Amino acid sequence: MHVSHLSLADFRSYARVEVPLDPGVTVFVGPNGQGKTNLVEAVGYLATLGSHRVSSDAPLVRAGAERAIVRAQVVQGERQQLVELELNPGRANRARINRSSQVRPRDVLGIVRTVLFAPEDLALVKGDPGERRRFLDELITARSPRMAGVRSDYDRVLKQRNTLLKTAAMARRHGGRQLDLSTLDVWDQHLARAAAELLAARLDLVATLQPLADKAYERLAPGGGPVTLGYRGSAGEALEEAAAGAPGAAGTPSREELFPLVLAALEGARKQEIERGVTLVGPHRDDLLLNLGRLPAKGYASHGESWSYALALRLASYELLRAEGGEPVLVLDDVFAELDVRRRERLAELVAPGEQVLVTAAVGDDVPGVLTGARFAVSEGVVERV
Ligand SMILES: Nc1ncnc2c1ncn2[C@@H]1O[C@H](COP(=O)(O)OP(=O)(O)O)[C@@H](O)[C@H]1O
Ligand SMILES: [Mg+2]
């Protein structure tokens with residue numbers, strides 16, 4: 001698929017902007033702070049309903065404005081669709097497909113598909129587990145948009161269960177009313193159901209991604225691997241064993257198999273959870289393990305290796321999505337400046353054949369020659385074809 005037109009209103013620094021786009025490579029060039037990333041961030045928002053830079057919508061709305069609108073004309077083979085999102089910080093966002101009836105924002109997922117490379121990606125390797133969980137969950141949702149519902153169910157149940165546990169912990173400390181354990185039992189069932197579904201999707205993803213990430217790393221940094229991915233689950237050894245016993249995607253445990261494991265782990269952690277007033281077991285506590293050779297990448301890999309690893313994870317995501325549901329848009333936000341010449345060239349060669357590749361760069365010469373195509377100059381919020 002590709003985006004043939006992008007319109008923004010009150011998004012970030014843009015009061016209004018219209019950007020006609022072609023398939024193939026498009027490079028946005030301009031000095032820092034002029035609005036290049038803001039453009040591709042909007043495309044990424046349509047794909048994930050989130051920004052790769054901030055965790056809330058408020059900064060995405062132009063200072064002084066009330067709402068932002070992101071609209072894109074999307075071409076998928078013979079099919080054209082117009083998708084529109086209205087961002088209303090503090091209130092519900094709204095969405096439309098083909099100007100017609102209102103749909104839930106979640107219904108837009110799957111129309112625009114992207115794989116986004118950005119300087120922030122280094123945190124996939126060096127950062128906290130939360131960065132890697134988000135990586136997994138965004139990719140799960142790109143593979144299967146209905147997982148957005150499972151993720152939000154999980155988050156909601158987790159929040160409510162935590163509130164209950166916190167109240168119970170406070171009451172214990174201050175000699176108040178004891179927690180009604182049958183209420184907690186009910187929450188455990190809800191939580192375990194959503195957790196098992198999310199875990200099954202993550203384990204399947206990790207197993208599927210593993211060979212692709214290893215191959216991508218080998219292409220970026222020949223002889224530097226191997227890359228192995230693993231999953232560290234908080235739901236006990238039984239889950240780890242179930243995951244480890246599965247060499248291929250076909251063998252990863254199903255949600256039906258995982259449900260009793262999660263429930264048992266919750267039972268095992270119950271005493272501690274009531275003491276501490278927080279849910280200690282579940283996908284929100286897990287991590288994606290990234291190994292390079294025999295060592296974990298985090299804490300051991302060099303800066304250059306960490307970059308190759310992050311790029312390999314994105315390239316693997318690209319291979320996965322295009323194999324399963326057609327070409328996603330590749331977005332390379334300011335990444336070439338971060339890389340040495342060799343990595344630059346290799347990355348450029350690997351992404352160049354993409355149906356649509358959107359690149360931003362402060363210095364045009366940092367973009368390798370194989371990425372030729374349309375160029376836009378971005379300056380003080382004006383986006384002009386050059
Ligand atoms: N919500 C907002 N309202 C107004 N301006 C914003 C908003 N968010 C970011 N900006 C401005 O956008 C600019 C950064 O744009 P960005 O696309 O990140 O630049 P770059 O071209 O370096 O990628 C900054 O000048 C920043 O002040
Ligand atoms: Mg930028």
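**Helix packing, ligand shell and backbone**

Reply: To start with the helix: the buried residues of α3 pack against α2 (122–126), α4 (147–173), α5 (181–220), β9 (227–232), β10 (287–292) and α8 (303–325). The model is a predicted one.

Me: Which residues of α3 are buried?
Reply: Buried here means under 20% relative accessible area. In α3 the residues that are buried are Arg 132, Phe 135, Leu 136, Asp 137, Leu 139, Ile 140, Thr 141 and Ala 142.

Me: How far apart are the end C-alpha atoms of helix α3?
Reply: Helix α3 covers residues 129–143, which is 15 residues.

Me: Which polar backbone atom is 2.7 Å from an oxygen atom of ligand 1?
Reply: The side chain of Arg 53 has an N or O atom 2.8 Å from an oxygen atom of ligand 1, but that is a side-chain atom. A polar backbone atom of Pro 59 is 2.8 Å from a nitrogen atom of the ligand. The backbone atom at 2.7 Å from an oxygen atom of ligand 1 belongs to Asn 38.

Me: What percentage of the area that ligand 1 exposes when taken alone does the protein bury?
Reply: Polar contacts to ligand 1 include the one from the backbone of Pro 59, at 2.8 Å. Taken alone, the ligand exposes 580 Å². The share of that area buried by the protein is 69%.

Me: How many residues in the shell around ligand 1 are polar?
Reply: There are 15 residues around ligand 1, and Gly 33, Thr 37, Asn 38, Arg 53 and Val 61 come nearest. By class, the shell has four nonpolar and four charged residues. The number of polar residues is seven.

Me: Is Pro 253 buried or exposed?
Reply: Pro 253 sits in the loop between α6 (237–244) and α7 (255–276). Its relative accessibility is 7%. The cut-off is under 20%, so Pro 253 counts as buried.

Me: What is the relative accessible area of Arg 99?
Reply: Arg 99 lies in the loop between β6 (94–97) and β7 (102–103). Its phi is near 60°, a positive value in a residue other than glycine. Arg 99 is exposed, and its relative accessible area is 56%.

Conventions. Residues numbered from 1 in each chain as written. Chains lettered and ligands numbered in written order. Predicted model: local features only at pLDDT ≥ 70, side-chain atom pairs only at ≥ 80, totals over all residues. Heavy atoms only, no water. Near = heavy atom within 4 Å. Polar contact = N/O pair within 3.5 Å; in protein donor to acceptor, adjacent residues only side chain to side chain. Areas by Shrake-Rupley, 256 points an atom, 1.4 Å probe, with all protein chains shown as cover. Nonpolar A, V, L, I, M, F, W, Y, C, P; charged D, E, K, R; others polar. Helix = DSSP H or I, 4+ residues; strand = E, 2+ residues; numbered from the N terminus. Expected span 1.5 Å × (residues − 1). Buried < 20%, exposed > 50% of the residue type's maximum accessible area, 1.4 Å probe, protein only. Contact = heavy atoms within 4.5 Å.
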